[in-house]
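Student: Hi, could you walk me through this one? I'm new to it.
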Amino acid sequence: MLTHWSRTLIRTARHVPAEAEVPSHQLMLRAGLIRKLGSGVYSYLPLGLRSLQKVSAIIRDEMNKAGAIEILMPTLQPMELWEKTGRREAYGDNLFVVKDRHGRTQALGPTHEEIVCDLVGGYLESYRDLPVTLYQIQTKFRDEYRPRFGVLRSREFQMKDAYSFHMDLDSLTETYDRQYQAYCNIFKRCGLPFEIVEAEAGPIGGSASHEFMVPSPTGEDLILKSDKGNYAANVEKCEIAPRPRNPEDINADPTGKLEKVHTPDCPGIEDVCKFFKKNLGSKLKTANMLKTLVCQSDDGQWVIGIVRGNHDLNEGKLRNASGNTQLALADETEARKAGFAIGFVGPQVAVGRDDVQLIVDADAAVGNFWVTGSNEVDHHVKHFNWKRDVLDHDVKVQVADIRNAMAGDLSPQNDGGILEETKGIEIGHVFKLGDKYTKSLNIEALTKDNQRVNPLMGCYGIGVNRIIASAIEQESGHDEQGIIWPKAIAPYTILITPIKYTGRVAEVCDQIAADLDALGIDILLDDRDERPGVKFKDADLIGIPWRITVGDKGLEQGHVELKARDGSIDDKVALDQIVTAITSAIGLRA
RNA sequence: CGGGGCGUAGCUCAGCUUGGUAGAGCACCUGUUUUGGGAACAGGAAGUCGCAUGUUCAAAUCAUGUCGCCCCGACCA
């Protein structure tokens, strides 16, 4: 396809709205790929849309090869389905909710497990109908708490989601593996470096799950990798090798008399340490504090997680350890009402109350010099001791792994590997869901021996716009001048830049464009009446992989110039050789 | 949801403290000269100063409210 620059909508900009913080967001705005309409809501302009379409085409190709069937499901979804699966609650405020004129509540779909179950359930009769894998590429909605980084975290976005149905686990595993492989193919074809990590299934629910991540400092996911190269996981999921621990440690003797310290306006771990240093001249380390976090399950049960001051609570781990299916940090006001001096809570708060469950991380359940909250505003205690201050008061303490893994921890492979931290952008996620949805929505199929069973499900998502943003975000995806597109997903493959689009130069440009067009190559021809410098700057900014420059000087000597945006080619090419040069650069058979 | 900041031309921002003619750069239009890495000159078009109410002879400017946008925020930095 041939597009004339002057006839399409490409508006480049030197300045960027101040709100764009990360390279991909800035460049997508500057190069005229997107335009913001509202918080986390973007229009796609021609260049951006063409990239999206190229990515979508790759996804479709690989999905079809993997045996998935394309459909299109509604965005507007009846709320009853979400209530049946319990996900209205689980998704919480992230679910976009709208009311129709009759006052009925509907959801704008952030994902389609409920809908695809309803769809498949309507037709599914027996094991002969399975397995089946359905997919769609469609706009999804999430009422993000904080939309950010342009298209990386937006409220409206394109997603490829696929769902598979199976009679047994072997079949599910087979499809899961096929999708997993298809994902590898897709991201590779899109020119993205990616890593695969073990993941927590999140509000989708289910068992096995992997995330596909593009390593990037902009990423909002923290990944831990073993330095032995045999384990990688999202911090939400990452386990830690059993920490050497003597169960007697929690019964260790006190380090001193329990002493109350006045710590005005110091609700934070760091605040307390600074206060100790400044006002008491003692070098209190965060590792010597106990962090006491008040959580509440959906049925109102108080669960208190305790980790060391330099560790972070992992809510998922705490939820599992507590035996709840839902658990979140407690609402501050409610917690205060229930007698928790938020900011100054310590484990002793459980003494004398039978409505709290105390769960302590292995690293915190030891004898040590501890400073922790005194359960009284503006006060902490030092020389806290588990035995004297908690256990001897008949309080039950459960010890578990409830903290986030961090760099330096031992790999759960237990082979001496040390975990390292990196950040990543999540571009794909595959799950084995099991029968969570088919059960709650009562989807059944008959087995060979005439038994009714709930089929097993898998689900497989890809963030289409995130692929584009992370392609630009990656190190080789941009430089000072602008975008450097991976070949396969660039809006155009070739940019033809005439120094001046008139006379013989224009004729040559048109001829080259026609020749390449005939080969099925997509071309952008910069026919604008602009100075050469402007065209070159814009060319670098929008990052088309190959640029053919045609000018009078070159033509006098019978050549044009071929330049690759990534710097790999910068040649003068004889006019009659340019088509061959291009096809060989692209890897096409001429 | 809490805290902070910002809404003035398509974009970046000044003007607001101390109320009195609406400003600059980039972009845009016309003309002339230019033309191989974001040209120069001359002229021009473009803003109900987010919206509402109030104070005032007079409001972009002060007050209140409201909407939008951005950043930060949970014993997390």
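**Sheet and helices**

Student: Which residue in S20 stands opposite Trp 370?
Tutor: Trp 370 stands opposite Phe 384 in S20. Strands here are DSSP runs of E, at least two residues, and helices are runs of H or I, at least four, numbered from the N terminus. This is a predicted model: local features need pLDDT of at least 70, side-chain atom pairs count only at pLDDT 80 or more, and totals for chains, interfaces and linings use all residues. Residues are numbered from 1 along each chain as written, chains are lettered from A and ligands numbered from 1 in written order, and side-chain values use heavy atoms, without hydrogens and water.

Student: How many bridges join S19 to S20?
Tutor: Five, and the two strands run antiparallel. Strands pair if DSSP finds at least two bridges between them.

Student: What is the strand order in the sheet?
Tutor: S14-S20-S19, an open sheet of three strands with antiparallel pairing. S14 (259-262) and S19 (370-376) are at the edges with a single partner strand each, so one side of each has no neighbour in the sheet.

Student: Switching to helices. At what angle do the axes of H2 and H6 cross?
Tutor: Roughly 155°, and the axes come within 9 Å. Axes are lines fitted to C-alpha atoms, for helices over the stretch in contact, with angles from 0 to 180 degrees between N-to-C directions. H2 is therefore roughly antiparallel to H6 (angles over 145 degrees count as such).

Student: Which residues of H6 does H2 meet?
Tutor: Among them are Arg 178, Ala 182 and Tyr 183. Contact means heavy atoms within 4.5 Å.

Methods:
Parallel < 35°, antiparallel > 145°, perpendicular 65-115°, else oblique.
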